[in-house]
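I opened this notebook to record what I looked up on core packing and helix pairs.

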Amino acid sequence: MARDLTYTRNIGIMAHIDAGKTTTSERILYYTGKTHKIGEVHDGAATMDWMVQEQERGITITSAATTAFWRYANQQYQINLIDTPGHVDFTVEVERSLRVLDGTVATFCAVGRVQPQSETVWRQADKYHVPKIAYVNKMDRTGADFLAVVEEIREKLGAKSVPICLPIGAEDKFEGIVDLISKKAYVYDSASKELVNYKEVEVPAEMASEVEEWRGNLIESVAEYDDNILEKFFDNPDSITEEEIIAALRKATIDMAVVPTCCGSSFKNKGVQYLLDAVVRYLPSPLDKGSVKGTDLRTNAEVERKPEASQPFCALVFKIATDPFVGRLAFLRAYSGRLDAGSYVLNARTGKKERVARLYQMHSNKQNPIDFVEAGDICAAVGFKELRTGDTICDENHPVVLEAISFPDPVIGLAVEPKTQADLDKLGIALGKLSEEDPTFTVKSDTETGQTVISGMGELHLDIIVDRLRREFGVEINQGAPQVNYKEAITKSYQHREVFKKQTGGRGKFADIIVEIGPADEGVTGLQFIDEVKGGNIPREYIPAVEKGFKSAMANGVLAGYEVTSMKVRLLDGSFHPVDSDQLSFEICARMAFRHALPKCGPVLMEPIMSLEVVTPEDYMGDVVGDLNRRRGQIVNMDSKGNARIVKANVPLSEQFGYVTVLRTLSSGRATSSMEFSHYAEVPANIAQEVISKSGHRHSLDDDE
């Protein structure tokens with residue numbers, strides 16, 4: 001019998017670094033009876049942070065999945081929970097988790113409030129239309145202010161944050177919460193290890209008017225989702241029942257019109273059970289999210305798949321992980337149908353059949369075998385040969401491809417080489433496995449220097465990769481200094497004729513093309529190729545070879561050998577030889593045309609610009625801004641929060657290596673910063689010349705004249 005999906009929740013926990021996501025996950029596991037001992041992040045014993053690197057650094061690096069069960073209103077709910085990282089270098093983990101989740105708990109620190117990474121993950125959740133609950137954690141900390149966080153969520157994130165409870169006390173006086181819907185107060189005992197560590201008490205007298213005010217605000221916010229409530233609100237507000245408020249609030253949350261906001265202190269075991277109730281009350285089930293849209297591989301028509309076990313099977317692979325015991329694990333979210341262990345599925349990207357050897361329900365890095373998976377569930381599978389992150393797997397008789405996940409390009413590189421000859425083969429295998437796991441980590445060999453260059457999202461990202469190479473794969477490496485992943489672009493159009501002739505006794509090689517090369521149209525990345533050849537001057541079968549030649553040439557630009565991100569090529573005319581011409585001749589001819597024409601197209605070097613936010617005490621403001629100006633930084637905004645100043649700036653990545661140490665020195669360790677990739681911009685000519693000469697590339701900017 002198929003399971004009733006009404007009682008399933010696929011949720012994630014997302015937040016800025018240090019808002020307490022993993023601590024909250026640990027408490028959820030404890031109170032749902034999944035673990036019998038609470039693991040602490042600061043002791044390196046958190047269940048969801050299972051990697052050695054996570055335990056040592058006290059941060060989450062990979063998103064961990066687990067399944068827990070929670071009883072609410074005499075009904076057992078299954079919660080598939082994903083704990084995501086908060087550090088910006090691992091943003092891909094958040095992105096791919098949100099793609100497959102139905103709802104998310106956005107966690108905020110009651111002291112730090114809405115921080116830069118909170119904004120990033122919030123935007124990612126909006127992109128995939130994921131409804132949210134906000135949970136304001138760390139209410140026991142000095143400076144905690146629940147309503148100030150509610151205000152910031154409204155201002156900074158543009159979301160309608162609606163408190164569903166109010167805190168009783170704050171900082172070291174934080175005792176519990178008042179539920180605004182039932183008007184009941186709960187006081188928690190933080191020392192108790194009981195699963196019910198709270199008792200119901202009367203609402204404190206001094207809070208009565210505040211509770212009434214915020215309850216009125218809550219009802220008003222959801223009244224438009226239920227005409228019945230709206231009428232009662234004007235006639236007799238007291239006649240509105242709890243069930244009506246919950247139903248309307250659920251509707252408004254799923255519609256992403258409001259964000260129910262609650263509070264607690266996960267570390268002190270306060271408010272977690274209330275948060276779990278809110279998850280099952282307000283966040284959508286797979287049925288609420290409805291059908292998923294895909295493209296039929298045979299007809300290219302749009303098709304829908306409903307979350308029902310009777311539909312043809314389709315699922316999205318959102319993560320690949322390497323497990324030392326079971327090999328490659330593919331994490332998948334089933335959207336429709338049923339998949340049995342041991343059966344075959346179609347990989348929509350490769351068009352090949354793959355066998356699913358075994359299926360597992362995940363609990364962090366441990367697996368519990370299951371016989372089958374059905375629509376609406378999240379599980380892990382082994383036995384696949386060629387699966388990648390973002391692949392769709394489906395019933396071979398009903399081929400469909402779902403919208404893939406988009407990933408940002410890596411911005412920072414590092415040259416690595418094995419210390420010994422024995423490590424050489426191991427390095428290749430290890431890097432292959434790591435790049436399979438992480439789409440934002442790329443490996444490429446530099447043909448000119450023979451070096452292997454690994455690229456990622458930031459210094460910490462590459463740090464962790466190097467650490468994993470040593471520990472997990474036993475590969476010792478030497479590493480160079482971090483390098484910026486520059487790109488190249490062109491600024492003007494140029495028409496060029498390229499003739500390729502080669503006589504080698506017998507059949508020769510011949511191709512002749514006339515092309516116009518210029519910048520691509522707005523918003524187009526990669527090669528924009530337009531065939532304008534008239535009258536069969538170049539036979540049809542050779543035209544794809546010209547396109548292929550230009551495409552492969554774009555991997556190495558003419559200035560410093562960096563990738564050319566986009567350009568437009570118009571193939572105007574050309575000629576061929578009936579005997580000597582073939583596809584390879586035209587491909588080589590296109591590559592030569594690229595080399596000869598690009599220096600005339602105004603090539604420029606592009607560098608990654610990072611969006612930086614610094615929080616500093618007022619006294620160090622001048623030094624911080626002065627230092628940013630020296631780093632070619634452009635100040636975007638200055639703001640104040642309490643007695644601290646917030647500086648937002650755009651700074652080239654090349655100027656930011658080691659910035660954290662410099663900032664610590666400038667501010668006697670009191671300022672903090674966070675940085676994420678913003679966009680690419682042109683490098684000033686004097687600095688570009690320096691980069692080009694360091695790259696040892698033949699071309700110079702002055703060659704254009």
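Conventions. I worked from a predicted model, in which local features need pLDDT of at least 70, side-chain atom pairs count only at pLDDT 80 or more, and totals for chains, interfaces and linings use all residues. Residues are numbered from 1 along each chain as its sequence is written, and side-chain values use heavy atoms, with hydrogens and water left out.

Cores. I took a nonpolar core as a set of buried Ala, Val, Leu, Ile, Met, Phe, Trp, Tyr and Cys residues joined through side-chain atoms within 4.5 Å, where buried means under 20% relative accessible area (1.4 Å probe, protein chains only). The largest such core holds 77 residues, and Phe108, Trp122 and Ile153 have the most contacts inside it. Helix 9 (residues 272-282) gives the most to this core, eight residues; helices are DSSP runs (H or I, at least four residues), numbered from the N terminus. I also found a second, separate core of 30 residues, with Ile538, Ile543, Cys589 and Ala590 among them.

Helix pair. I looked up helix 6 (residues 208-223) and helix 7 (residues 227-235), whose axes lie 9 Å apart at an angle of about 135°; axes are lines fitted to C-alpha atoms over the stretch in contact, and angles run from 0 to 180 degrees between N-to-C directions. Gly216, Ile219, Glu220 and Ala223 of helix 6 make the contact (heavy atoms within 4.5 Å) with Asp227, Ile229, Leu230 and Phe233 of helix 7.

Key: Buried < 20%, exposed > 50% of the residue type's maximum accessible area, 1.4 Å probe, protein only. Helix = DSSP H or I, 4+ residues; strand = E, 2+ residues; numbered from the N terminus.
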